[in-house]
Amino acid sequence: MTSGEAEVAVDEEKTTTRNRLISGPGTLLVWLYGVMVVGAVSRSVYQIATEFDRAPLAYSLSALAGVVYGFITYTLVRGGETARKAALVCCAAELVGVLTVGTWTLVEPSAFPDATVWSDFGMGYVFIPVLLPLSAIYWLRKARTA
């Protein structure tokens, strides 16, 4: 094999690795995370701009959720092993956030005078915030072995 052929093989392998994250169920994950980015960011921007003093923690957590969703969307589209690992870490952090805030809102509802994206485990978003990281973690782990 010549050096030119080896470079082509490496480039093809990189392309296949990167594309692997957005094939099959990965495409659905990108779409769902994209929708969550728009929902969380637009909601939090409006709430922070108009009524931040009412529930600063809730609105800030919604903004944080939007940023996390955006990063995960980016890494899924970017592809590659480094992006897969980064997305996996972010999805785990997202799941911890959803479970923590979800539990907190049930145990101490007065701490959140207004709902966040992750309140009540994402009930206001049809529980997608708790199901999405679980699905993404499963897909990202499966993509590693594929």
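Is C90 buried or exposed? C90 is buried, with a relative accessible area of 19%; the cut-off for buried is under 20%. This is a predicted model. The points below cover its cysteines, its aromatic pairs, a nonpolar surface patch and the surroundings of one serine.

**Cysteines**
- The structure holds zero disulfides.
- C90 takes part in no disulfide, and the nearest cysteine sulfur to its own is that of C91, 7.1 Å away.
- Seen from C91, the closest cysteine sulfur is in C90, and the distance of 7.1 Å is too far for a bond.
- A disulfide is a covalent bond between the sulfur atoms of two cysteines.
- C91 is buried, with a relative accessible area of 0%.

**Aromatic pairs**
- Two aromatic pairs turn up in a search of the whole structure.
- One of them joins Y33 and Y69, whose ring centres are 5.8 Å apart.
- The ring planes of Y33 and Y69 stand at 50 degrees, so this pair is classed as tilted.
- Y33 belongs to helix α2 (residues 25–51) and Y69 to helix α3, so the pair links distant parts of the chain, 36 residues apart.
- Both Y33 and Y69 are buried.
- W104 and F112 also form a pair, with ring centres 4.9 Å apart.
- The planes of W104 and F112 lie at 80 degrees, and the pair is therefore edge-to-face.

**Nonpolar surface patch**
- M123, F127, L131 and L134 make a nonpolar surface patch of about 380 Å².
- L134, one of these residues, is found in helix α5 (residues 128–145).
- The relative accessible area of L134 is 45%, so L134 is partly exposed.
- That value passes the cut-off for patch residues, which is over 30% relative accessible area.

**S62 and its contacts**
- S62 lies in helix α3, which spans residues 56–78.
- With a relative accessible area of 0%, S62 is buried.
- Apart from its neighbours within four places in sequence, S62 is in contact with A40, S44, A115, T116 and V117.

How values were computed:
Residues are numbered from 1 along each chain as its sequence is written. This is a predicted model: local features need pLDDT of at least 70, side-chain atom pairs count only at pLDDT 80 or more; totals for chains, interfaces and linings use all residues. Side-chain values use heavy atoms; hydrogens and water are left out. Patches are made of residues with over 30% relative accessible area and no salt bridge: like charges are joined within 9 Å, nonpolar side chains (Val, Leu, Ile, Met, Phe, Trp, Tyr) within 5 Å. Accessible areas come from the Shrake-Rupley method with a 1.4 Å probe; for residues, only the protein chains shown count as cover. A salt bridge is a side-chain nitrogen of Lys or Arg within 4 Å of a carboxyl oxygen of Asp or Glu. Helices (H or I, at least four residues) and strands (E, at least two) are DSSP runs, numbered from the N terminus. Buried means under 20% relative accessible area, exposed over 50%, partly exposed in between (1.4 Å probe, protein chains only). Contact means heavy atoms within 4.5 Å. A disulfide is a pair of cysteine sulfur atoms within 2.5 Å. Rings of Phe, Tyr and Trp (its six-membered ring) pair if their centres lie within 6.5 Å; planes under 30 degrees apart count as stacked, over 60 as edge-to-face and the rest as tilted.
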